[in-house]
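Dear colleague,

Please find below the structure that I am handing over to you, together with its sequence.

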Amino acid sequence: MKQQWAAKLSTIVNPENVKIDEPLDQYTMTKLGGSADVFVMPSTEEEAVAIVKYANNNDIPILLLGNGSNMVVRDGGVRGIVLNFSKLDTIHIDGTTVYAQAGALLKDVSIAAAEATLTGLEFSCGIPGSIGGAMAMNAGAYGGEINDVILQSTVLTSTGEKLVLNKEQLDLSYRKSIISKKGYYVLSSEFELQRGDQQEIDAKIAELTFLRESKQPLEYPSAGSVFKRPPGYFAGKLIQDSELQGKGVGGAEVSTKHAGFIVNKGGATATDYINTIKMVQATVKGKFDVDLELEVKIVGEEPSKNGSL
């Protein structure tokens with residue numbers, strides 16, 4: 001089946017952008033994960049529409065993998081088609097409106113806005129995700145979030161229908177959106193910013209970059225902040241108070257620099273990473289009776305299920 005899918009997809013996109021049994025560890029920030037049955041990278045939005053329609057019409061599972069910054073892929077890999085929008089990375093500025101395709105990195109969009117003396121996206125200068133992923137989870141940091149600046153997004157439904165959703169229709173809330181609820185695929189987004197003062201914008205970005213680099217374990221692969229903020233608590237503080245920093249399973253470890261991060265110290269498997277997550281959840285639940293909800297998304301199959309279709 002994989003060969004059939006790849007052959008068909010090669011008629012939709014450049015055959016060089018279709019790969020069978022592609023290891024996904026090179027596309028995830030954790031540097032973990034098994035292989036995709038078929039991995040495909042469209043170069044245009046029209047190609048993306050055609051791929052989604054083909055998968056839907058043939059009942060082929062499809063997973064959208066962005067910058068891999070908020071996702072853990074199990075060691076058994078992903079069955080079906082893994083769709084990657086990294087080639088859809090156009091950024092365009094018209095007045096105070098910033099247009100960005102789904103595969104553009106959020107930090108690159110924030111830099112482009114800053115260079116145009118536009119303010120409002122400084123909070124995102126250190127967020128490693130793509131625009132598509134940022135929209136799906138209403139990404140935020142340092143007191144700002146996508147909901148503050150979004151104008152509208154163009155998305156694809158699972159059947160390949162294009163929709164343009166305004167701010168209200170996107171239904172953005174803490175780490176949630178209509179995109180994640182409905183399983184939509186973001187094609188592009190538009191943000192409405194404000195004219196600012198260049199020195200103030202540059203100073204804000206420098207400040208937030210320093211804070212991120214000094215407080216986050218950027219020297220190791222990780223999925224970023226693993227857990228959502230529980231009501232009335234801070235996940236990192238609960239984990240720290242549970243004395244879990246430096247502990248983990250295999251090559252995965254709760255960061256000694258920031259307790260909200262789990263890092264790949266080297267030689268970790270996705271199973272190690274996931275088991276470390278479970279260990280943290282169980283310990284915090286037992287000590288504080290608080291359920292830590294995942295901010296990261298865990299996808300794919302267990303190793304034992306990694307068979308050919």
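Predicted model: local features only at pLDDT ≥ 70, side-chain atom pairs only at ≥ 80, totals over all residues.

The domain assignment divides the protein chain into domain 1 (1–84), domain 2 (91–213) and domain 3 (218–299). Domain 1 brings 13 residues to the contact, and domain 2 brings 16 residues.

Between them, domain 1 and domain 2 bury about 1200 Å², and 61% of this area is on carbon and sulfur atoms. Within domain 1, the residues that lose the most area to domain 2 are Glu 45, Val 52 and Asn 67, which together account for 42% of what that side buries.

As to specific interactions, the rule finds one salt bridge across the interface of domain 1 and domain 2. Three residue pairs in polar contact are also found across the interface of these two domains, with both residues at pLDDT 80 or more. On the side of domain 1 that touches domain 2, α2 (45–57) and β3 (62–64) each supply at least two residues. Helix α2 gives the most to that side, with six residues. Sorted by class, the side of domain 1 that touches domain 2 comprises six nonpolar, five polar and two charged residues.

The structure as a whole holds 13 salt bridges. The side chains of Lys 162 and Glu 45 meet at 3.7 Å, N to O, in a salt bridge. Glu 45 is also among the residues of domain 1 that lose the most area to domain 2.

Turning to the database record, an unreviewed UniProt entry carries the annotation "active site" for Arg 175, Ser 225 and Glu 295. These residues span 121 residues in sequence, yet no two of their C-alpha atoms are more than 11.7 Å apart, so they gather at one spot. Arg 175 is found in the loop that runs between α5 (167–170) and α6 (178–182).

The unreviewed UniProt entry also gives the annotation "domain: FAD-binding PCMH-type" for residues 32–196. Over residues 32–196, the chain is 23% helix and 33% strand. The end C-alpha atoms of this stretch are 40 Å apart.

With kind regards

Definitions and conventions
Residues numbered from 1 in each chain as written. Heavy atoms only, no water. Domains from an automatic or database assignment. Contact = heavy atoms within 4.5 Å. Buried area = accessible area lost by both parts, 1.4 Å probe. Salt bridge = Lys/Arg side-chain N within 4 Å of Asp/Glu carboxyl O. Polar contact = N/O pair within 3.5 Å; in protein donor to acceptor, adjacent residues only side chain to side chain. Helix = DSSP H or I, 4+ residues; strand = E, 2+ residues; numbered from the N terminus. Nonpolar A, V, L, I, M, F, W, Y, C, P; charged D, E, K, R; others polar. UniProt positions renumbered as here; feature names shortened; annotations may be inferred.
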